[in-house]
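This briefing is meant to be read beside the sequence and the 3D view.

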Amino acid sequence: MKVLVVGGGGREHALCWAIRRDRPETALLCAPGNAGIRDMASIVPISAAAIDELVQFAERERVDLTVIGPEGPLAAGLADRLRAVGLAAFGPSAAAAQIESSKAFAKDVMAAAGVPTAASRPFAELPGALQYIDRHPEPLVVKADGLAAGKGAVVCATRAEARAAATAMLGDRLFGDAGQLIVIEAFLPGEELSVLALTNGTDLVVLPAAQDHKRLLDGDRGPNTGGMGAYSPVTLETPALLERVRDRVLDPALAEMRRRGTPFTGVLYAGLMIDGAGNPWVIEFNCRFGDPETQVILPRVDGGLVDALMAAATGSPLPPLRIGRQAAVTTVLAAAGYPDKPKQGAPIEIPPDLPAGSLVFHAGTTRDAAGQLRTAGGRVLAATGIGATFAEAQHASRTAAERIRFSGKQFRSDIGWREIARRRSS
Ligand code: AMP
């Protein structure tokens with residue numbers, strides 16, 4: 001079987017690794033990949049944004065399954081284009097990908113489906129937004145409607161902060177077109193949890209839940225990032241909670257997408273807030289695997305992955321997945337200057353003596369002409385630790401992150417602290 005993975009970040013490295021592990025005989029291709037993916041897949045030098053070229057390549061190579069990693073090509077219709085030429089594509093149509101690419105669309109779907117979420121209103125004009133903010137209780141959240149690389153949501157403790165955020169987005173065009181519409185919503189208290197489900201549009205199979213750390217610095221301080229680390233399992237994920245998530249969130253959202261004539265297939269990612277009574281509220285939907293959540297979720301899937309991806313892509317009944325009991329923790333290593341202005345080109349040294357149970361997923365890396373590995377992006381690597389216990393996984397991840405060297409390396413040494421605190425208090 002020939003599988004093409006589209007994308008070149010840590011998520012795609014984890015996807016390639018997991019596909020290879022599940023089906024060692026697969027002919028694996030990755031466009032455009034990165035320096036780590038090169039060791040396990042044939043690199044196809046086509047950008048994930050070059051839709052025409054990707055479709056031509058997949059047709060010419062008779063690719064059996066294309067797994068689309070990032071949201072950009074999904075929103076641009078790559079899955080539709082592949083299906084139009086009779087090829088299997090894992091990922092939603094552009095119409096269904098709006099569940100991520102437009103927060104106002106997602107809110108509309110949730111309202112129609114009765115999915116619990118924060119009360120909100122969309123605004124295209126600054127004066128109306130400012131008036132709304134002036135009457136809104138604190139804290140509140142201001143979000144760019146469109147895709148902003150996970151950085152388009154600003155949690156504001158005060159109305160003054162919210163006014164500044166709305167002005168930056170609608171007035172100063174901080175996020176360009178992605179912020180020409182904004183959504184202002186109520187702040188939801190609780191604990192965040194990411195629940196991802198593979199779906200053929202009707203049936204779904206839930207993946208192990210994960211929790212991520214979005215802030216740059218230890219203690220969940222500092223600026224928001226694309227994600228500095230993640231872990232799985234999360235003790236919040238009880239069978240009772242999962243049942244609520246299926247009944248109140250995932251099933252109704254999929255039913256509403258079918259009702260609209262745009263069924264959602266691929267992986268539906270529900271970013272949830274779990275309130276004190278154990279009820280799930282949706283913060284956002286994503287239309288693809290999370291990064292870095294994938295780097296902890298897929299190492300816990302011990303079997304059935306490729307069959308499930310294929311079933312989701314082709315609308316067939318979903319086979320069960322085998323989920324392991326091991327824990328996984330991933331620590332992201334970011335470049336100097338991340339998230340604002342990451343510096344590129346620093347030589348990277350990955351020592352051979354990384355702890356047992358650690359896996360290094362590449363994100364922003366490249367090899368220069370002399371074969372030296374160098375930084376080539378904001379998030380450079382993700383060091384995943386896998387262990388029989390959460391503490392073992394956390395230790396392996398942190399130790400690997402400490403031992404890998406490049407100038408200006410930034411990483412958090414406390415990934416998983418919330419889980420440790422929960423386990424202590426229970
Ligand atoms: P988003 O880009 O929508 O995932 O938001 C990024 C982060 O902002 C989330 O992971 C939450 O930590 C926080 N956030 C977004 N919306 C809300 C909300 N309504 N209430 C509380 N926190 C939120």
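Helices (H or I, at least four residues) and strands (E, at least two) are DSSP runs, numbered from the N terminus. The model is predicted, so local features need pLDDT of at least 70 and side-chain atom pairs count only at pLDDT 80 or more, while totals for chains, interfaces and linings use all residues. Residues are numbered from 1 along each chain as its sequence is written, and side-chain values use heavy atoms, with hydrogens and water left out.

**The cavity**

- A cavity is a set of points, on a 1 Å grid over the protein atoms alone, where a 1.4 Å probe fits but cannot get out; its lining residues have an atom within 4 Å of a point.
- Grid points are joined across faces, edges and corners, and a volume is the space filled by probe spheres set on the points.
- The count is 1 cavity of 30 Å³ or more, and the largest cavity holds about 40 Å³ of space.
- Strand β22 (residues 379-387) gives the largest share of the lining of the largest cavity, namely 4 residues.
- Among the lining residues are Gly10, Asp291, Arg379 and Leu381.
- The lining has 5 nonpolar, 2 polar and 2 charged residues, where Ala, Val, Leu, Ile, Met, Phe, Trp, Tyr, Cys and Pro count as nonpolar, Asp, Glu, Lys and Arg as charged, and the others, Gly among them, as polar.

**Cysteines**

- A disulfide is a covalent bond between the sulfur atoms of two cysteines; here it is taken as a pair of cysteine sulfur atoms within 2.5 Å.
- The structure holds 0 disulfides.
- Cysteine 30 is in no disulfide, and the nearest cysteine sulfur, in cysteine 16, lies 4.2 Å away.
- Cysteine 287 has its closest cysteine sulfur in cysteine 30, at 18 Å, which is too far for a bond.
- Buried means under 20% relative accessible area, exposed over 50%, and partly exposed in between (1.4 Å probe, protein chains only).
- Cysteine 30 counts as buried because its relative accessibility is 0%, and cysteine 287 is buried at 2%.

- Threonine 26 lies in the loop between α1 (10-22) and β2 (27-32), and it is buried, with a relative accessible area of 4%.
- A polar atom of the side chain of threonine 26 lies 2.9 Å from the backbone oxygen of arginine 23.
- Contact means heavy atoms within 4.5 Å; leaving aside neighbours within four places in sequence, threonine 26 is in contact with Met1, Val3, Ile19 and Arg20.
- Leucine 217 belongs to strand β12 (residues 211-217) and is partly exposed because its relative accessibility is 35%.
- Leucine 217 touches Gly222 and Arg412, not counting residues up to four places away in sequence.

**Backbone geometry**

- Most residues other than glycine have a negative phi, and most peptide bonds are trans.
- The peptide bond from serine 232 to proline 233 is cis, with omega near 5°, and proline 233 sits in the loop between β13 (221-232) and α9.
- The peptide bond from tyrosine 338 to proline 339 is also cis, with omega near 5°.
- Arginine 62 is not a glycine, yet has a positive phi of about 50°; this arginine 62 is exposed, at 66% relative accessibility.
- Arginine 173 has a positive phi near 55° and is found in the loop between α8 (159-171) and β9 (182-186).

Terms used:
On a 1 Å grid over the protein atoms alone, a cavity is a set of points where a 1.4 Å probe fits but cannot get out, and a pocket is an open set with protein on both sides within 12 Å along at least five of seven lines; lining residues have an atom within 4 Å of a point. A polar contact is a pair of N or O atoms within 3.5 Å; within protein, one must be able to donate a hydrogen and the other to accept it, and residues adjacent in sequence count only if both atoms are side-chain atoms.
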